[in-house]
Amino acid sequence: MSTPAFDALKIDDLCPTPSATPIREEFARAVRSGLSKPQRELPSIYLYDEVGTALFEAITKLPEYGLTRADERLLRRYAHQILEHLPPSLIVAELGSGSGRKTRWLLEALTRRQALVYFPIDISASALTKCRQEFADMGSVSLVGLEASYLEGLHAAVSTRRPGQTFLVLFLGSTVGNFERPAADKFLREVRRCLSPGDALLLGCDLEKPVESLFLAYDDPLGVTAAFNLNLLARINRELQGDFVLEQFSHQIRYDKRERRVEMHIRSERRQSVSIRASELTCTFREGETIWTEACHKFCLEEISEMAQHTGFVCRAQWVDHEWPFAESLWIAV
Ligand code: AVI
């Protein structure tokens, strides 16, 4: 059960310009522009350098952060049911695969019915290496890692389509929640544009839950999420010659009821000036002023079905974890 035609493909064959990898100049520009806004902000993608990725892995194992375990539980329990909705000859592409640990359940179920080509797409080369290790023992999976942005990678993956093949795109872990809601719609529409009618998207979304449990999940007593957040300042110091004094900033969590989202901020504990040489920027922070670093939107089941309709899909089925309210939704491109 192997698919030798794909074994020979390398990332560069499919994706000649890995231009989406955030280069230092882009990072410097984003920092300059974000820190110059009245509500200072930094794009959350920059949380995930090597240290940030390791800290996020640790977050997923914290007892207070149930999101990743719920996602994995659903895939473990319902992999077969999910696949029953889909035709044979599936090709799987995963947006932001990370280490691919959760995906294993689905791929194992799938390889019982067919040999499989799997395209993990991630801007992190180290995540793709981990992913390759995760699936090294699964001989019937031909893994073609794409070090690219989600949409660039997806374009590259679908360009290999042969007649009769159906794509299943995985967008797990509630990463969609890190987009502003209108931006999420726009992104999902773009995903749809890459696909053909009958292709599928499996979307993992964290559901609304009591605010107290969200506060614990995003401000854990061990301080792992705080380290994950503050690492962004440390990264600016390392890569852009910044001089943030980390001890003078703290991790802060807010819940915006209207937007139904957790917001992660970094609070300046005193009035202070910071210089970032590569961004040609000096900013003066007031005591209590914050830098907004991430938004984590929460969803209800009905709005996930509505989102499908707005973006060119129909929601075929949903599976819900009740221990940590979380949903996998299977969307079919119309
Ligand atoms: C990656 N993303 C889905 C996580 C979330 O929960 O929104 C990121 C995260 N930020 C702090 N903890 C986890």
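Which residues surrounding the ligand are the closest? In this predicted model, where local features need pLDDT of at least 70, side-chain atom pairs count only at pLDDT 80 or more and totals for chains, interfaces and linings use all residues, 15 residues surround the ligand, and the closest are Tyr65, Gly173, Asn178, Tyr218 and Glu294; here a residue is near a molecule if one of its heavy atoms lies within 4 Å of it. Residues are numbered from 1 along each chain as its sequence is written, and side-chain values use heavy atoms, with hydrogens and water left out.

| Side chain | Ligand atom | Distance |
|---|---|---|
| Tyr65 | oxygen | 2.5 Å |
| Asn178 | nitrogen | 2.9 Å |
| Glu294 | nitrogen | 2.6 Å |

The ligand taken alone exposes 340 Å², of which the protein buries 96%, with accessible areas taken from the Shrake-Rupley method with a 1.4 Å probe. Helix H4 (50–59), helix H11 (224–240) and strand S12 (290–297) each give two or more residues to this shell, helices being DSSP runs (H or I) of at least four residues and strands (E) of at least two, numbered from the N terminus.

Helix H5 (residues 67–84) has 18 residues that should span 26 Å at 1.5 Å a residue, and this agrees with the 25 Å between its end C-alpha atoms; the expected span is 1.5 Å times one less than the number of residues. The buried residues of H5 include Leu67, Asp71, Arg73 and Leu83, where buried means under 20% relative accessible area (1.4 Å probe, protein chains only).

Key: Polar contact = N/O pair within 3.5 Å; in protein donor to acceptor, adjacent residues only side chain to side chain. Buried < 20%, exposed > 50% of the residue type's maximum accessible area, 1.4 Å probe, protein only.
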